Amino acid sequence: MSDPQDLGRVWKRLTAWLKVNAPLSHASLLPGAPEVVIEGADAALRHDLGFPLPAELAALWRLCGGVEHQEIEGDEEGEVGSGAFLPGGVIMSPVDALRPRLPDRTSTDWWGGAPVVPWLTRDEAGPESGHWVGDIGVGRWYLDSLIDVGQKAAYPSIAAYLDAVYRTLTDGPADAMDLGVPGVVWGCLVWERPETPSLDEALPHWTPVH
């Protein structure tokens, strides 16, 4: 488990980079979630699933309660999400994070009781995949394959994940995160796979960081 102070230091470095190099992504950051919302998320998890909100996720939400995409002049096709500045997508708000995790109305927990909470996704309209966080660290999740969720972590903590992002941006190599390479377009940090790019009209305006 990461010390919240470690998370704060990494977050400060990463957001300082965004402010200088990707100002629209920086502008997308929402303020920290109200404590009552964080406490409500913790209470819901304890009541419905029997485990508490991961302390590191609560610490992140106190720093940033999610993102709000900014209007981008020039992005006529709406390809760029200014708040999707992490290789794993957008930081989910407490409400959005709990929606795919809490049991549905049939009281079935499709996550098999794994003591983890999703916190990052590329599928904002209806999250189908992303990253979870639990006591063992951070790992990937896919709604169509949840059997191994919570058993193996790719990073020991959110802080470690964000530090890997920061080091990729500043030191490289560009493909260190294995989820695309970082570049900036219209003031937004966007991770692309040059061999199979997701951007179309915006791609000529996208400049790799390295």
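Helices (H or I, at least four residues) and strands (E, at least two) are taken here as DSSP runs, numbered from the N terminus. The model is a predicted one, in which local features need pLDDT of at least 70 and side-chain atom pairs count only at pLDDT 80 or more, while totals for chains, interfaces and linings use all residues. Residues are numbered from 1 along each chain as its sequence is written, and side-chain values use heavy atoms, with hydrogens and water left out.

Between S1 and S2 the antiparallel pairing extends over two bridges, and Val 90 stands opposite Thr 121 in S2.

The aromatic side chains can be followed next. The structure holds three aromatic pairs, where rings of Phe, Tyr and Trp (its six-membered ring) pair if their centres lie within 6.5 Å, and planes under 30 degrees apart count as stacked, over 60 as edge-to-face and the rest as tilted. One of these pairs is formed by Trp 111 and Trp 141, which are tilted, at 5.3 Å centre to centre and with 45° between the planes. This pair links distant parts of the chain, since Trp 111 is in the loop between helix H5 (94–98) and strand S2 (116–121) and Trp 141 is in strand S4 (residues 137–142), 30 residues apart. Both Trp 111 and Trp 141 are buried, a word that stands for under 20% relative accessible area, with exposed meaning over 50% and partly exposed in between (1.4 Å probe, protein chains only).

The rings of Tyr 155 and Tyr 161 are edge-to-face, because their centres are 5.3 Å apart and their planes are at 90°. Tyr 155 is buried, with a relative accessible area of 18%, and Tyr 161 is also buried, at 0% relative accessibility. Together with Trp 119, Tyr 155 and Tyr 161 form one aromatic cluster. Another ring, that of Tyr 166, has the charged end of Arg 13 over it, 5.6 Å from the ring centre; a charge sits over a ring if NZ of Lys or CZ of Arg is within 6 Å of the ring centre and within 35 degrees of the ring normal.

The loop between H6 and S5 holds Pro 173, and the peptide bond from Gly 172 to Pro 173 is cis, with omega near 0°. Asp 178 has its place in the loop between H6 and S5 as well, and its phi is near 60°, a positive value in a residue other than glycine. Asp 178 is exposed, with a relative accessible area of 59%.

S5 runs antiparallel to strand S6 (residues 188–192), to which five bridges join it, and Val 185 stands opposite Cys 188 in S6. S5 is also joined to strand S7 (residues 207–208), again antiparallel, by two bridges, and the bridge partner of Val 184 in S7 is Thr 207.

The hairpin of S5 and S6 has two residues between the strands. Trp 186 is found in the loop between S5 and S6 and has a positive phi of about 50° although it is not a glycine; at 25% relative accessibility, Trp 186 counts as partly exposed.

A search of the whole structure finds zero disulfides. The sulfur of Cys 188 is 15 Å from the closest cysteine sulfur, in Cys 64, too far for a bond. Cys 188 is buried at 0% relative accessibility, and Cys 64 is buried at 0% relative accessibility too.

Methods
Two strands pair if DSSP finds at least two bridges between them. A disulfide is a pair of cysteine sulfur atoms within 2.5 Å.
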